[in-house]
Amino acid sequence: MANQKNPDRVRISTPRVTLKYPKLDKIDYGTEKYPDKDGSYNTRFIADRADPKVSAMLAKVDAAMVRAKELAEEKFAKMDIKARKKIEAKTGGIVADEPYSIVYDEDTEEDTGKIDMKVKMKAGGIRKDKTKWSAKPDIFDGKGKPMKKGIQIWGGSVAILNFDLEPYFVDGSGSYGVSRRLNAAQIIELVSGGQRAASSYGFEAEEDGFDANDVETEDEDDSDDSADGSSDDDDDTDF
């Protein structure tokens, strides 16, 4: 679906995909080598091309790339001759920043049939009028309810992602592509704190099974001080 303000912007919702290195519940400021001053929320995801829904999604991404190339060629042709010749001498012309990559088996080096794509939302910045702004993606649980704060989302979680595709062209390098701006995520199967979703073990929800939310638990402060019966007075170990 195209955006009214920008007809070349396309909004996409993925089918169920597996998250890789997600930074959805906290801001990612990059690394020492590649710092991100304002930070971002981002994640990579793995999807299987054999899934018809994934193929349909990639068809939209590929179509957006075709449009991005058309716009890049128009802008490249209008560039200053000297700047254009410099790029042509270096790369031969405009160069595509591919929006996703093929996942290869590390042992056999064969195509696994899966793709790896990254989506990202800037966590903040400064407007032209010097005022600051901040943003974060909307995160929902499998029931469509806003995710509670404090829940960590780890790699291996299964989710549906919503993001916008928008063509870009970098005249300094002649590169073009489509930005993939994250809007929201729905976590279908959560992996958090080392605990995987029940479905990953083959378990399914049972109608007569108990619901952990219906069980009252004691606060840690009300429980025994320690499993071995020692108390704070007996333990002066520094952690």
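Here are a few notes on salt bridges and backbone angles in this predicted model.

1. Some ground rules to begin with. Residues are numbered from 1 along each chain as its sequence is written, and side-chain values use heavy atoms, with hydrogens and water left out. Because the model is predicted, local features need pLDDT of at least 70 and side-chain atom pairs count only at pLDDT 80 or more, while totals for chains, interfaces and linings use all residues.

2. The count of salt bridges is 8, taking a salt bridge as a side-chain nitrogen of Lys or Arg within 4 Å of a carboxyl oxygen of Asp or Glu.

3. Have a look at R67, which pairs with D8 at 2.9 Å, N to O. D8 sits in the segment before β1 (10-13) and R67 in helix α1 (residues 52-77), 59 residues apart; helices (H or I, at least four residues) and strands (E, at least two) are DSSP runs, numbered from the N terminus. R67 also meets E70 in a salt bridge of 3.2 Å, and these two lie 3 residues apart in helix α1, about one turn.

4. K20 and D116 form another salt bridge, with the closest N and O atoms 3.2 Å apart. K20 lies in strand β2 (residues 17-30) and D116 in strand β6, so the pair ties together parts 96 residues apart in sequence. D116 is buried at 8% relative accessible area, whereas K20 is partly exposed at 29% (buried: under 20%; exposed: over 50%; partly exposed: in between; 1.4 Å probe, protein chains only).

5. Phi of E109 is positive, near 60°, in a residue other than glycine. E109 is in the loop between β5 (100-104) and β6 (111-122), and is exposed at 64%.
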